[in-house]
Amino acid sequence: MMAFPRFVSAHKSEPASGDALWTPFRKDSVLVKNDGARPRLLRTEELRALDLPIVRAMHLGSLDELACVTAELSHEAPEVEGHSYLGLRHAFFQLDPEEFHVAQFGFQIQYWDRSYRFCPGCGGPVVLKEKERAKRCEACERDFYPPVVPAMIVRVTRGDSILMTRQSRFPKGMYGLVAGFTEPGESLEACVAREVMEETGLSIANIRYFGSQPWPFPHQIMIGFTAEHASGDIVVDTNELEEARWFDRDAMPMLPPSFSIARALIDDWLAPK
């Protein structure tokens, strides 16, 4: 199961003025300091010393009582010696998990801040609210909050075998699990059954909740389930997948990375009972 992070979200209309942990993004890559065995996020004085062009900054909350701030850098922000710009997928592997949690949250808040500058109803400007993380259109009297799009992922088993799927964008040899987005008016369990049927032609039973994980690409939450094969043979939807197969425990393919809820679902199944 996924661990609870130590980061605590909190809204303030202005970023912290003292020492803080920063997630400065140039486009979709976060600037980190190459320090020791793994890169790390920057503190206030370290970022200030680099004198980089900051477009805007927003308070995020705190990690172990240290304020956290996200910053949008100019797209022309230069490379910095001793530092790297990491895309979030690379940051998954390289940052401390708690620092990555701050970085992915910062990216989602920045994405929302850029995307909701005008009211989709009247086209007028929106303003950041003082007491909650939301934007307000005074003309329409409507509030707009950071979006979170629910997606599901499911581990389907049949006896001592597990259903695994492969998409064309996966690294060579790697397989994952059935996943997809919920539709309006659809329960999570209905989404699980529909996605498995659409992608593989299989019917499933005994759908159970497993856990969840923020998935900042750009603003999803991945909700994990387990299920059992009920009926049907695999018929692959080639618009979605390259392949779908049953794998036995002693003949597993290359698995998803360890940070993912997909891997947590698989490792849970592989663990001795």
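Leu 128 stands opposite Lys 135 in strand S9. Strand S9 (residues 135–137) and strand S8 pair in the antiparallel sense over 2 bridges; two strands count as paired if DSSP finds at least two bridges between them. The sheet to which they belong is open and has 3 strands in the order S8-S9-S10, with antiparallel pairing. Its edge strands, each pairing on one side only, are S8 (127–128) and S10 (142–144).

The structure is a predicted model, in which local features need pLDDT of at least 70 and side-chain atom pairs count only at pLDDT 80 or more, whereas totals for chains, interfaces and linings use all residues. Residues are numbered from 1 along each chain as its sequence is written, and side-chain values use heavy atoms, with hydrogens and water left out.

The chain has 5 helices and 16 strands; these are DSSP runs numbered from the N terminus, helices being H or I of at least four residues and strands E of at least two. The C-alpha atoms fill a box of roughly 60 × 50 × 30 Å along the principal axes. Of the 273 residues, 46% are buried (under 20% relative accessible area, with a 1.4 Å probe and protein chains only). Among contacts (heavy atoms within 4.5 Å) between residues at least 6 apart in sequence, 63% join residues at least 24 apart.

The structure holds 12 aromatic pairs. Rings of Phe, Tyr and Trp (its six-membered ring) pair if their centres lie within 6.5 Å; planes under 30 degrees apart count as stacked, over 60 as edge-to-face and the rest as tilted. Phe 7 and Phe 105 form a tilted pair, at 5.4 Å centre to centre and 55° between the planes. Because Phe 7 lies in strand S1 (residues 7–9) and Phe 105 in helix H3 (residues 97–115), this pair ties together parts that are 98 residues apart in sequence. Phe 7 and Phe 105 are both buried.

Tyr 175 and Phe 247 form an edge-to-face pair, with 5.0 Å between centres and 70° between planes. Tyr 175 is in the loop between strand S12 (161–166) and strand S13 (178–181), while Phe 247 is in strand S16 (residues 243–248), 72 residues apart. Tyr 175 and Phe 247 are buried. Ring pairs also link Phe 92, Phe 93, Phe 100, Trp 215, Phe 217 and Phe 259 into a cluster.

The charged end of Arg 26 sits over the ring of Tyr 85, 3.7 Å from its centre. The criterion is that NZ of Lys or CZ of Arg is within 6 Å of the ring centre and within 35 degrees of the ring normal. The charged end of Arg 249 likewise sits over the ring of Trp 269, 4.1 Å from its centre.

Note on methods
Buried means under 20% relative accessible area, exposed over 50%, partly exposed in between (1.4 Å probe, protein chains only).
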